[in-house]
Amino acid sequence: MARLTIPDEPTSVAFTVTTAEDTFPISFSLFEKANLRVFVDLEELDQSDFTFSGTLLEGGGYEGGTVVLNDAVENTTVRIKRRVKPIRTDNFAPAGNVPVRAVDMAMNRLVAQQQDIVNMVGDLDVEGLEQASADAIEAAGAAEAARDQVLEESASLLKKDGSNIPPATVADPSGALALRTAQNLFFVTPEDFGAVPDDPATDNSAAIARAEAFLAALPYRGELRFADGRDYYFKSTLNMNRPAGVWRGSLTRLIYNGASTTTDLVVFGSTAAINVATELKDALMQGFQILSVTQMTGGTALRARKAVESNFQDVELQTQRGYETLGNNLWHGFWLEWGSTVAISGIAYVCQGDAIRVNGAPAGYSGGKSDLFINVNKISGAQVGLHLGGAFGGVYCSPDTTFISNTIHLLEDNKINNVEFSWGSEANREFFADGSVFDFTADNPDFAPGSGGANIQIDGPGECLFTFSGCWIAGGKGANVWINSTSGAKVNFTGCRFFDAQPHATNGLLGDGVLVDGTSAFVNITGGSIHGYRGYGINPRTNGHGVMWNGLLIYSGEPGSQPINRTTTTNAIADFGNIRARSLQSLGNVTIADGQALFIGTSAMGFYTTGTIRYHEFNPNAFISYATTDPEYTFALPGSSNALKLHPAGLSLLGQPYIAWKVVSGTTSAGGAGSAVHGIPSLPARVMVAQAHVTETGGDTTPYQMKTDGTSLGFSGASPNRPWKGFVIYLRDAM
């Protein structure tokens, strides 16, 4: 029987596979399956991923065989190699008989191992490796030459426009600047241009300006990278006006200690006149705190001029720590003018004037003037937290944004636009606050834009649309919300909570939850609550506007307060659902569907609801009278001669029924005036009061008190065959 030999033969084979295949023959010698290594492309298979079969020779081993993959492959290359591990498997005892077959197999293994080593070396492309090494050496030399060339060009660019820059600023002894340039991983640091951080005596303005001049001359985007956690003092305005320019730091502090008290500290965008400046696109400022040692009386900490699709991320202004150590020294905080699609975020904006101010461009400007996204955790200490200054649309406040201890948290007008450029009035367009907090305004009687102040004050002209969802609005001096728009502001509150409105120190505002002035504002309040007010929960003071609410809880006013001001008889006030309130004085002009349950409070004790109404005392003068102008749909205020009186049963109600109303109508009988009883049977039980109006000849209407005998309702004394229409107030046990 044949025995294994190790001939001079290749010990690997490759197969190019185009269609699905799993079986591959091999012809080289091997001792067992473990000698085989199988590769599909460059991935080696585990021993468990294939099988081997062949004819076992006398003494062991195989002269070839067949490899079968567990999974067929296609469109790939399969390589099979022999690799015999360099181990000894036999140990011959001294003085014993020599086992010839074992020695023969050991020799075979030794030869096979040597053969595998020779074949592995032969597989290496030695000449190719030598050429690759030569190429690498040549490339390194070229890179060194490129670095020297870029260094020379960098020095030239730094002196562009005649800048008088000392050679020391571009000597770059470490080579770091040139190396970064050569690699196109371009960033520079202020230190590359002579900046000295953490030294109050060093004015770093010039070094940062040199860095910006260098970056502006590059043909690609460049980054000015500041050292993490370091302080850079400066005495004049810092400016970045490069498209796609980047300033990057991390808790890096830019600290102004110059002499001017009115300068802008950091300006992103052109410093030229705004109407001729070009847009600044795709700018990024990240990881900075801007502070001032100097007490500012004007200027802006961070001013973005014509910024488009730009991001001011993790930027803080003065900060709580800066406020505590340096004082509230900044004047305005962040100012976006003529910008579009800009996001700002940070932990704190603390300043004296406007913490955030925004205004758009005049009518006819084709560039951007919309979309400012605000996510600032604390906006504090300012005269105005957020000032919407005219001609801008789409300001968004995130749930993480909190306004606290500003004189006014939100002021909408068009005063920035007018004061700065005198273009006339173009209104703001939209504002959205989702879960934002407007919490407790500061006492500042010397600052009151318009004719007063409030937590949220809407003064601007035009039909600006405001949407507040799930916001906390509390502690306003004068009012939590004051809507004083004269040109139709549309304001929607959904699920908001108004709390603790306080009187203003000087302007006479009482401390209303929602105060509405002007003749054309429209206000809708859906859900939420108004409580803790000093004046009125809702105070519409001027004729001509519309105030609507649905499902609103008004309660716990301070002593002497009223839920709703009903002194202006022509206010268009409507409740499109159920009013729940304490001390509700009157409803007036309220449109209610036929048969809908209606909650009506009456006295200082009023009522409370836990699913039902409970009357504790009753004042009939604080109820309602019938509106003769529209008998089918309208109720009006009390005080006229035809004031309705509740049925005496209403005095003893202890808690279950609701009050509802129903329209009734018919034609008077032919029995003649003064004798016939007119009415209809089968009306709702427990009628409290009813009245009818008869249309007489000529169109005049005459009121008649309707009476019930327990089974029907009617009146007497009207002319025969005349149409009549009226209403019934009755009790019902369920909504």
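Modeller: Two strands are taken to pair if DSSP finds at least two bridges between them. The model is a predicted one. Strand 32, residues 490–494, is joined by five bridges to strand 35, residues 522–526, and the two run parallel. In that pairing, Val491 has Val523 of strand 35 as its bridge partner. Strand 32 also pairs with strand 29, residues 465–469, again in the parallel sense and over five bridges. Here Leu465 stands opposite Lys490 of strand 32.

The side chains of strand 32 alternate along its length.

The charged pairs come next. Side chains of opposite charge can pair when their charged atoms come close. The model has 14 salt bridges by the rule applied here, one of which joins the side chains of Asp104 and Arg3 at 3.1 Å, N to O. This pair links distant parts of the chain, 101 residues apart: Asp104 belongs to helix 1 (residues 100–123), and Arg3 to the segment before strand 1 (12–17). Asp104 has a relative accessible area of 30% and is therefore partly exposed; Arg3, with 28%, is partly exposed.

Another salt bridge is formed by Asp198 and Arg230, whose closest N and O atoms are 2.4 Å apart. Asp198 is partly exposed, because its relative accessibility is 38%; Arg230 is partly exposed at 32%.

Asp500 and Arg534 also meet through their side chains in a salt bridge, at 2.1 Å, N to O. Because Asp500 lies in the loop between strand 33 (497–499) and strand 34 (512–516) and Arg534 in the loop between strand 36 (529–531) and strand 37 (536–540), the pair ties together parts 34 residues apart in sequence. Buried means under 20% relative accessible area, and Asp500, at 12%, therefore counts as buried. Arg534, at 32%, counts as partly exposed.

Finally, salt bridges link Asp264, Arg303, Arg305 and Glu337 in a network.

Technical notes. Residues numbered from 1 in each chain as written. Predicted model: local features only at pLDDT ≥ 70, side-chain atom pairs only at ≥ 80, totals over all residues. Heavy atoms only, no water. Buried < 20%, exposed > 50% of the residue type's maximum accessible area, 1.4 Å probe, protein only. Helix = DSSP H or I, 4+ residues; strand = E, 2+ residues; numbered from the N terminus. Salt bridge = Lys/Arg side-chain N within 4 Å of Asp/Glu carboxyl O.
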